[in-house]
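Here are my notes on this model, point by point. Please read them with the structure open.

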Amino acid sequence: MSAPTIPSDFVSRAVSVAADDGIDLTPALDAGRISRAVLAQPHARLTPEQVSLFTRAVWQITDDELFGLGTGSVPRGSFRIMTLTLIHCPDLAHALARIIEVNRVLQGLPKMSLSIGETSTYLDVGLPAEVTEKTRVTVDFLLMLMHRFAAWLVGGRVPLVSVALPYTEPDPVLARSYDAIFGVPVTFLAGRAALEIDSAALRSPIIRSEEALEEYLRDSPNLMLSERDYESTVSTQVRRIFESGIKGRTATADEIADMLAVSPPHLRRLLRQEGTSLGRLRDEVLCDLAIAGLRRGEPVDNLSARLGFSEPSAFRRAFKRWTGNTPRAYRAHD
């Protein structure tokens, strides 16, 4: 399976916020092999490994697990302490409640709250009086961390009903990236920062051990960035079909529906419920594979043919639509 890529915008925002606070993250960019030219292109894509190396270097530079974005210091090791307190909880409901308890003690973190309902449960991140760019970076990181780590704890998907973010919507390409990260369409300018979780998921048992946790932490945050929510959703199954290359990237709706033992209309309906479509999933896979090929130095003509394009010019047009750049420009700025 190809690794999902990450918009460079998520890193460039962190770099910009740090610079405003007088922190130079150039060494972290160097550690992740991320050029300033790539950061200047918000639609450029980075690999999970690049973002993971960048993040680890930022932790070292700031000596802060929230990159110095909180109201106070969040010393390194704080996340480890938090996770050790909940690894033996019986289920996700108890684990989320424990996170809220520990959050009250970690003074540098924004305060979080949990509202458990019969059908939906809200995990909210407290907001400052003024929502700034720093708020955006902090909220993005915390909500993604909470959702991905919850999925890891139970070894399966934690379905979201909705995601609410308090700031303005970015351009359509980046907005779709948020939808892909959380697996549901995201609502911007919502007046709150919250994950709405299907309450049925709260009964999921915690299956991880302390030994598994230590391994997870050693590889952090790479697993969080590279795993797709440990999910077995229809969109994940379709993506795997596209990635397989067997019928794969040229498969029709009828062929994919037959592989999944559903009717084509039902397949489309299921994908709409998950906030995506066959065309979007196909483009995501092709984009990730194209970027991987360009990074390896594969010639555009070979890459175009391997990915099933009729001619290199069609591949170049598609790549520019996906990333905002031609393959030549993307490779030059990488």
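1. A term first: helices here are DSSP runs of H or I with at least four residues, numbered from the N terminus. With that numbering, α4 is followed by Asp63, and the phi of Asp63 is positive, near 50°. Keep in mind that this is a predicted model.

2. Now α4 itself. The helix covers residues 48–62, 15 residues in total. From first C-alpha to last it reaches 21 Å, close to the 21 Å expected at 1.5 Å a residue. Its buried residues are Pro48, Gln50, Val51, Ser52, Phe54, Thr55, Ala57, Val58 and Trp59.

3. Which residue comes after α1 with a positive phi? That is Gly22, with phi near 80°.

4. Asp9 and Arg13 are among the buried residues.

5. Ser235 lies in α11, which runs over residues 234–244. Is Ser235 buried or exposed? Its relative accessibility is 13%, and the cut-off for buried is under 20%, so Ser235 counts as buried. Leaving aside residues up to four places away in sequence, Ser235 touches Leu271, Glu274, Thr276 and Leu281.

6. On to the whole chain. The secondary structure comes to 17 helices and seven strands. The C-alpha atoms fill a box of roughly 60 × 50 × 40 Å along the principal axes. A compact globule of 334 residues would have a radius of gyration near 20 Å; the protein has 20 Å, so the two agree.

7. Buried residues make up 52% of the 334 residues. Among contacts with a separation of 6 or more, 66% join residues 24 or more positions apart.

8. Last, surface and charge. The accessible surface comes to about 15,100 Å². Carbon and sulfur atoms account for 52% of that surface. The protein has 38 positive and 41 negative charges.

Methods: Residues are numbered from 1 along each chain as its sequence is written. This is a predicted model: local features need pLDDT of at least 70, side-chain atom pairs count only at pLDDT 80 or more; totals for chains, interfaces and linings use all residues. Side-chain values use heavy atoms; hydrogens and water are left out. Helices (H or I, at least four residues) and strands (E, at least two) are DSSP runs, numbered from the N terminus. The radius of gyration is taken over C-alpha atoms; the globule rule is 2.2 Å times the number of residues to the power 0.38. Buried means under 20% relative accessible area, exposed over 50%, partly exposed in between (1.4 Å probe, protein chains only). Contact means heavy atoms within 4.5 Å. Accessible areas come from the Shrake-Rupley method with a 1.4 Å probe; for residues, only the protein chains shown count as cover. Lys and Arg count as positive and Asp and Glu as negative; His and the chain ends are not counted. The place of a charge is taken as NZ of Lys, CZ of Arg, CG of Asp or CD of Glu. The expected span of a helix is 1.5 Å times one less than its number of residues.
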